[in-house]
Amino acid sequence: MSLRAEYFLTDQPRSRMQARLGRAYRAWAAFRENKLAVLGLVIVLILVTMAILADVLAPYSAVVGGDLRTERLLPPSAAHWFGTDDQARDIFSRIVHGARLTLLVVAMVAVISTPIGLLVGTAAGYFGGWVDQVLMRITDIFLAFPRLILALAFVAALGPGIENAILAIAITSWPPYARIARAETLTIRNSDYINAARLQGASSARIIWGHVVPLCASSVIVRVTLDMAGIILTAAGLGFLGLGAQPPLPEWGAMVASGRRYLIDYWWIATVPGVAIFVVSLGFNLLGDGLRDVLDPKAQK
Amino acid sequence: MSSLAENESRGRSSSHLGYGFLPTPFRLCGTLALTFLGLLLVTFLIGRVVPIDPVLAVVGDRAPANVYERVRIEMGLDRPLYEQFFIYLKKAVTGDFGTSVLTANLVIDDIKRVFPATLELATLGTVFGTVLGVPLGVLAAVRQGRFVDQAVRVIGLLGYSAPIFWLGLMALLVFYAHLGWTAGPGRLDIAYDYIVTPVTGMILVDSLMQGEWDVFANAFSHAALPAILLGYFSLAYISRMTRSFMLNELSQEYIVTARVKGLSEFRIIWGHALRNAAVPLVTVIALSYANLLEGSVLTETVFAWPGLGQYITNSLQNADMNAVLGGTIVIGAVFVGLNLFSDLLYRLLDPRV
């Protein structure tokens with residue numbers, strides 16, 4: 001065993017820091033075993049890199065097209081790796097810039113829906129009684145809806161656009177998180193340390209925020225990661241229907257839709273963004289599966 | 001997988017209710033009523049926050065102020081919100097979702113016209129997914145870690161990662177445009193229109209009943225691609241769930257007993273294990289049927305299939321809110337109903353629950 005592994009894997013850590021690092025090291029070692037999960041991580045990292053370095057990586061503008069007479073609908077070549085679309089825009093550059101939109105949607109939905117789910121779930125579980133009844137009824141109603149249809153109806157009401165698509169997806173994706181947070185809260189709400197905090201006169205809000213939420217967070221976060229592929233697909237679906245990001249934004253779903261008219265003669269316009277959506281959501285699926293096995297001990301056999 | 005867990009929780013949504021003192025059927029009806037009420041409340045609120053002024057949509061933007069005011073009162077928009085909701089509720093329960101601005105028909109009539117097409121597609125898809133998915137799942141469980149198992153895993157991953165609208169376009173490109181194996185978008189070629197009188201509205205059924213074989217063949221050729229595509233997604237779900245149910249059953253002691261008795265492996269797997277796994281499987285199939293109704297929104301758009309999904313998206317693009325909300329309510333209601341149905345079926349089939 002190398003010195004480094006010894007430091008991480010010791011059963012007598014000298015500091016909290018060492019203990020935490022050791023736990024992370026073990027998790028990473030378990031994660032690394034799962035080749036598919038590593039592939040997922042690589043895909044997600046490539047997506048993040050593309051989003052950050054979009055301006056450097058993209059050889060052309062994502063929005064402004066080239067010469068409409070000579071550079072329209074060109075097949076893939078050395079100059080245009082993925083060809084050009086009907087507005088003479090370089091598809092590779094649009095894909096690279098589209099990574100930003102995809103990440104934005106995923107991140108924003110996670111940022112909006114996770115706290116809602118956590119709050120509803122922990123409050124329902126902690127207070128119990130009629131609060132639980134009311135909150136869980138509402139959650140069930142949202143769960144009973146078909147998700148895409150509900151998102152469609154919301155976008156219809158709010159008007160098309162990427163912000164409203166994000167909002168609509170967030171509104172429809174919090175209920176499972178509330179369910180999970182509630183279940184976790186029920187298992188810890190009567191534990192001694194919660195009672196101790198209560199005896200010391202801590203307010204309910206303080207107990208929920210300071211003692212319950214941190215314990216529920218990890219399982220909810222695993223679930224959010226698992227949902228990310230679904231979020232990407234829903235956002236792309238809304239984009240495809242013309243209800244998500246509006247032109248000329250290089251959103252992948254909308255790009256597939258714009259290539260539909262040219263499908264038979266100029267197949268690459270619709271094909272390439274579809275492949276991008278597929279690869280990225282595959283990456284998130286693989287990563288989420290791997291993370292669940294590592295972080296969620298209950299899911300392990 | 002995320003969607004699996006979600007469907008699980010959807011399927012059991014009525015099991016942890018507070019009013020446990022009531023017998024199960026009443027409890028389920030209570031849940032159903034509450035969920036419907038919630039469904040209508042949400043659609044009502046969506047209808048109220050729309051930036052489109054419903055009065056303007058009727059009178060046009062050049063109407064004088066007094067006409068505008070009169071129509072506003074006629075439409076009941078001057079009343080308090082809760083009163084409006086009650087009126088909305090009363091109408092919705094009787095199936096009155098207002099008039100579609102786009103088609104000038106009653107929304108409910110429009111929905112009656114387009115719904116059979118969606119039903120046809122979703123049914124074909126579920127049949128495809130079940131007929132292939134169950135045996136695949138069983139084989140994957142029996143040959144754990146071997147080729148079939150890996151194949152089921154890959155099918156599942158593709159199903160959960162591929163955007164259905166894109167897969168549809170690719171299928172059209174390959175099987176219709178290049179290979180010419182199937183017919184293109186739409187439900188029928190124009191030459192076959194109006195031959196069959198609509199009875200059920202499902203062309204495949206109607207043409208069979210009326211003995212129009214040419215029409216049946218043409219309709220089938222049109223339906224094959226979208227149905228297989230939708231069915232693929234239910235195949236991914238069903239085969240995965242079958243596998244896990246079968247693994248669960250195969251580890252039970254009665255399997256050991258059956259082996260000790262000297263039963264053939266074939267009878268143990270298909271006769272004993274699958275029979276017990278079939279109980280939760282029925283729920284899964286019902287749920288996947290409900291999911292296909294949802295999946296049909298994107299598929300119908302790609303294949304120009306004149307069903308409810310396309311009706312909703314068309315209405316959306318024309319800001320026809322009555323039609324959108326009516327369609328949403330119908331799909332939501334079918335969804336909720338199927339969830340309840342699968343729950344009841346589960347209770348009926350499994351004597352332990």
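Which pattern does chain A follow when read along the sequence? In this predicted model, chain A follows the pattern α-α-α-α-α-α-α-α-α-α-α-α-α, and its secondary structure comes to 13 helices and zero strands. Helices (H or I, at least four residues) and strands (E, at least two) are DSSP runs, numbered from the N terminus. Residues are numbered from 1 along each chain as its sequence is written, while chains are lettered from A and ligands numbered from 1 in the order in which they are written. Because the model is predicted, local features need pLDDT of at least 70 and side-chain atom pairs count only at pLDDT 80 or more, whereas totals for chains, interfaces and linings use all residues.

The model scores ipTM 0.84 and pTM 0.85. For chain A the mean pLDDT (the predictor's confidence in each residue, from 0 to 100) is 86, with 97% of its residues at 70 or more. Chain B averages 81, and 91% of the residues score at least 70. Confidence in chain B is lowest in helix α1 (residues 2-11), at a mean of 38, and highest in helix α6 (residues 107-142), at 90. Over residues 1-20 of chain B, pLDDT stays under 50. Where pLDDT is low, the predicted coordinates should not be read in detail.

The C-alpha trace of chain A spans about 75 × 55 × 30 Å along its principal axes. Of the 301 residues of chain A, 47% count as buried; a residue is buried if 20 or more other C-beta atoms lie within 10 Å of its own, exposed if 12 or fewer, and partly exposed in between, with C-beta atoms placed from the backbone.

Within chain A, the axes of helix α11 (residues 204-240) and helix α13 (residues 268-295) come within 9 Å and cross at roughly 170°. Axes are lines fitted to C-alpha atoms, for helices over the stretch in contact, and angles run from 0 to 180 degrees between N-to-C directions. α11(A) and α13(A) are therefore roughly antiparallel to each other, a term for angles over 145 degrees. Residues of α11(A), including Val222(A), Leu226(A) and Ile232(A), meet residues of α13(A), among them Ile277(A), Phe284(A) and Leu291(A). The residues of this contact divide into 13 nonpolar, five polar and one charged. Here Ala, Val, Leu, Ile, Met, Phe, Trp, Tyr, Cys and Pro count as nonpolar, Asp, Glu, Lys and Arg as charged, and the others, Gly among them, as polar.

Between the chains, 43 residues of chain A are in contact (C-beta atoms, placed from the backbone, within 7 Å) with 44 residues of chain B. The largest share of the side of chain A that touches chain B, nine residues, comes from α13(A). By class, this side has 28 nonpolar, ten polar and five charged residues.

Several local backbone features were also identified. The peptide bond from Pro247(A) to Pro248(A) is cis, with omega near 5°, and Pro248(A) lies in the loop between α11 and α12 (252-259) of chain A. Ala104(B), in the loop between α5 (81-93) and α6 of chain B, has a positive phi of about 65° although it is not a glycine. With 8 C-beta neighbours inside 10 Å, Ala104(B) counts as exposed.

Technical notes: Angles under 35 degrees count as roughly parallel, over 145 as roughly antiparallel, 65 to 115 as roughly perpendicular and the rest as oblique. Two residues are in contact if their C-beta atoms, placed from the backbone, lie within 7 Å.
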